Amino acid sequence: MDAGRTFDTIAIIFNPNSTGDAPSLAKKLHDDLTSSLPRTTIRLQPTEHAGHAVDLAREAADAGNALIVSVSGDGGYNEVVNGVMSSFSSDAVCAVLAAGNANDHSRVIGQKPLADAIVEAQVRRIDLLRISMALPDAEPVYAHSYIGFGLTPVVAINLEKGSKGAIKELFSVVRTFSKFKPFEIRQSDDRRRKFDSLVFANISQMAKYATLSEADDQPTDGKFEVITFRHMPKWRIILTAVRAMSKGLGDQPSYAKYDFATLKPMPYQIDGEVKSVDAQTDITIESVRRALSILG
């Protein structure tokens, strides 16, 4: 842990069109830090389009000795993390101020109010997940919290299509679940296996309420947990989900690296954002130990 780190620049990245309170939270953080750190250049940097946070974070990191703050949910923070990881900087630090529907990373990793943490500047390092695909020109992508295949991204897609609100979200999940079909992959032993869900977790909780594992809340061991739901009757999936939300799923196997191949096109979810992968794609997920410097 770095004691009392000072920064030349603090970039506060946020979506000005957020349906939440990101703009007001970003402005308040800017004002608080301007008062507390008068010698530091503090910039509000609104995004202009999807993926813009990656570019803004990369540019801020490349400028040197910078703290890059994402005022967002898990998806927005994912963009900032990937921007920093694609930069030439070795000293950039990241932080997130929760301002989204899903704030799993902030809730699990955060140790104190962000403004206080920035002033104290106690920098620490955490592991990241990295997903690589054996495709021409495919660049690896990083995740701060989790990568999920199967039921997780399918539910997320249908929530995005539907309306917001707890009751409507519940009906959307139930409707999606009733139509859900398992997926099949080829694992590293060359055997095909069928799953309902496959989650690679860098933190112990996700989806606001579910406890996936007994892993430490500060991922620094160079490993991640793999939570598998082998194909089973739907009533058993429901019971497992209830267990995850009540007392947790208990100990899960941990890996430093996990290889498999898709057999059909399929969606996946990375830190709350849904992406897709083609059929017959070799995928490697690995832990990058202590890859990211953070505050908070």
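Which residues do ring pairs link into a cluster? They are Phe149, Phe200, Phe224, Tyr255, Tyr258, Phe260 and Tyr268. The model is predicted: local features need pLDDT of at least 70, side-chain atom pairs count only at pLDDT 80 or more, and totals for chains, interfaces and linings use all residues. Residues are numbered from 1 along each chain as its sequence is written, and side-chain values use heavy atoms, with hydrogens and water left out.

View 1. The search of the whole structure finds nine aromatic pairs. Rings of Phe, Tyr and Trp (its six-membered ring) pair if their centres lie within 6.5 Å; planes under 30 degrees apart count as stacked, over 60 as edge-to-face and the rest as tilted. Tyr255 and Tyr258 form an edge-to-face pair, with 5.3 Å centre to centre and 80° between the planes. Tyr255 is partly exposed, at a relative accessible area of 34%. Tyr258 is buried, at 9%. Buried means under 20% relative accessible area, exposed over 50%, and partly exposed in between (1.4 Å probe, protein chains only).

**View 2. Strand 7 and its two partners.** Strand 7 covers residues 146-150, and five of its five residues are buried. Helices (H or I, at least four residues) and strands (E, at least two) are DSSP runs, numbered from the N terminus. Strand 7 pairs with strand 9 (residues 192-201) in the antiparallel sense over five bridges. Two strands pair if DSSP finds at least two bridges between them. Tyr146 has Ala201 of strand 9 as its bridge partner. Strand 7 also pairs with strand 15 (residues 266-270), antiparallel, over three bridges. Here Phe149 stands opposite Tyr268. Both residues belong to the ring cluster of View 1.

View 3. Helix 1 (residues 22-36) has 15 residues. From first C-alpha to last it reaches 21 Å, close to the 21 Å expected at 1.5 Å a residue. The expected span is 1.5 Å times one less than the number of residues. Ala22, Ala26, Leu29, His30 and Leu33 are buried. Seen down the helix axis, the buried residues fall within an arc of 105°, so they line one face of helix 1. The arc is that of the directions from the helix axis to the C-beta atoms. Lys28 and Ser35, on the other side, are exposed. The buried residues pack against strand 1 (9-14), strand 2 (41-46), strand 3 (66-72), strand 4 (93-98) and helix 5 (114-120).

**View 4. The largest nonpolar core.** This core has 26 residues. A nonpolar core is a set of buried Ala, Val, Leu, Ile, Met, Phe, Trp, Tyr and Cys residues joined through side-chain atoms within 4.5 Å. Ile13, Ile68, Tyr77, Val80, Val84 and Leu292 have the most contacts inside the core. Helix 2 gives the largest share, five residues. Val84 touches Ala57, Ala61, Ile68, Ala92, Cys94 and Leu292, not counting residues up to four places away in sequence. Contact means heavy atoms within 4.5 Å.

**View 5. Two loop residues with positive phi.** Most residues other than glycine have a negative phi. Ala121 has a positive phi of about 55°. Ala121 is found in the loop between helix 5 and strand 5 (124-133). At 0% relative accessibility, Ala121 is buried. Asp137 has a positive phi near 65°. Asp137 sits in the loop between strand 5 and strand 6 (141-143). At 76% relative accessibility, Asp137 is exposed.
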